Amino acid sequence: MLGDPRKALLSMAGPLIVSYLIIQLNTFMDLSWCSGLGSACTSAVASISPMAWIASGLGTGIGVGAAAAIATRLGTGDKDKADSLASQTIVISVVLALVTTVILLLLIDPIVDMMGVTDIREECHEYITPMILGAVLVVLNGTVAGMLRGEGAAKRSTYVLIVAALTHMALDPLFIYGLDMGLTGAAIATVIGMGTGAALGLYWYFAGRTVVGLSFGGYRPKRDEISYILGVGIPRAFEIFIVSIMSMVQRIFVVECGGTEAAMFYNIPWNFVTLAQSISMSLGSALVPISAAAIAMGLTSKSESAFGMAMKWTLVSMTALAAVLFVFADVAMLPFTYSSGMSEYREEFVHVMRIYMLIVPCMGAIDVASSMLQSMRRAQQSMMSSFIRNFLIVIALVWACTVSLDAIYWSLVVCEYIGAALMVGLAVRGTRMMRKAHRQLS
């Protein structure tokens, strides 16, 4: 992590890409199994899933904050502080997850009513309630993976994510069909998978197999360390929270325009955008600790170099992947339309997916630019950019829902490109300011 940025990015991002691809395969299998339950269940998952993103986003956010904080301390040689930060991170994660659980449980029915999907209320409850009750495990999974990345242990961070995904894959068909638990079984399988991955990571820490130590003997909350972690973590978590809330607001207009089933068309093809983002999320996750450590050592040129390489690799590879998925969209949608109740929707799914593939490169740019801002402790700017982008989408959908579903899809494309330009512009401006400040100090 402290050496050549090119080698550091390759060594850290490589394993992460594998893990994120497995996670996405896991998500695809989950949706595929659920689609076999019929359009009502598929629509419920598509509609209510943003509530689950809030818990996973909290874990991701705290994990990013921990990665930046730990990497910075290790970069300056302060291992004791890094150890203390790791312990604070775990406690913060558990406390915030418990608070989030209570809040989300109270919001299920109001959100179902807000989105206008009351006809599938029961299915929404079946899927989201177990996910919310298991929020502590979901949050810890993201947090522990982030802590491991902070000390440069990309492979172990990958193992945490892979174990979670593989456990989920194995349990999904058993719980959904074998035990006849339906959507509830799908959610429980997800929570158990997340808990298994988190347990593996925590075992390494308590067994002393990591660079950073973890101990709660005589634990005391330390305001400066908590502020350090949350200074990056909360804006990142809030950024994902904004996306989740705005996604639910967007569904109001989608459902109003095309009915409950339109939520499927709007959401399921987006999973292929997320699949392509495995590349940008991996490079972005690797960039945060590499850039943060370089900045802490005063090596701003190394930080900028890592940012440039991550952005270049992201745009080239994601554009190529989007082109392949565009051509083979009809084949890609088969796992979600194999049942007799879903096959009639295949043509519309393919149509929407091809439109979404145009968004893929700009989503990659957003991920990498956001990660760079986080490494520079400018996470608030990333959060604000995300809010503006999603607010624009909502405004566009207010008009588009009065026209057609196609108008909704194309409005999304335009707004995402505007958002990408804003996020990248903020990241470039931040690097220039960082370079100027370093020159003045030297």
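Tutor: Asp180 counts as exposed because its relative accessibility is 66%, where exposed means over 50% relative accessible area, buried under 20%, and partly exposed in between (1.4 Å probe, protein chains only). The model is a predicted one, in which local features need pLDDT of at least 70, side-chain atom pairs count only at pLDDT 80 or more, and totals for chains, interfaces and linings use all residues. Residues are numbered from 1 along each chain as its sequence is written, and side-chain values use heavy atoms, with hydrogens and water left out.

Asp180 sits in the loop that joins helix 6 (154-178) to helix 7 (182-206); helices are DSSP runs of H or I with at least four residues, strands are runs of E with at least two, and both are numbered from the N terminus. The phi of Asp180 is near 55°, a positive value in a residue other than glycine.

Helix 14 itself (residues 360-375) is mostly covered, with 16 of its 16 residues buried. Its 16 residues should span 22 Å at 1.5 Å a residue, and its end C-alpha atoms are 23 Å apart, which agrees; the expected span is 1.5 Å times one less than the number of residues.

Thr143, in helix 5 (residues 135-150), counts as buried because its relative accessibility is 0%. Beyond its neighbours within four places in sequence, Thr143 is in contact (heavy atoms within 4.5 Å) with Gly59, Ile62, Gly63, Thr89 and Ser93.

These parts belong to a protein chain with 16 helices and zero strands. Its radius of gyration, taken over C-alpha atoms, is 21 Å, close to the 22 Å that the globule rule gives for 442 residues, so the chain is as compact as a globular protein of that length; the rule is 2.2 Å times the number of residues to the power 0.38. Along the principal axes, the C-alpha atoms fill a box of roughly 65 × 45 × 35 Å. Of the 442 residues, 59% count as buried. Among contacts with a separation of 6 or more, 84% come from residues 24 or more positions apart. The chain exposes about 16,700 Å², of which carbon and sulfur atoms supply 66%, with areas from the Shrake-Rupley method with a 1.4 Å probe and, for residues, only the protein chains shown counting as cover.
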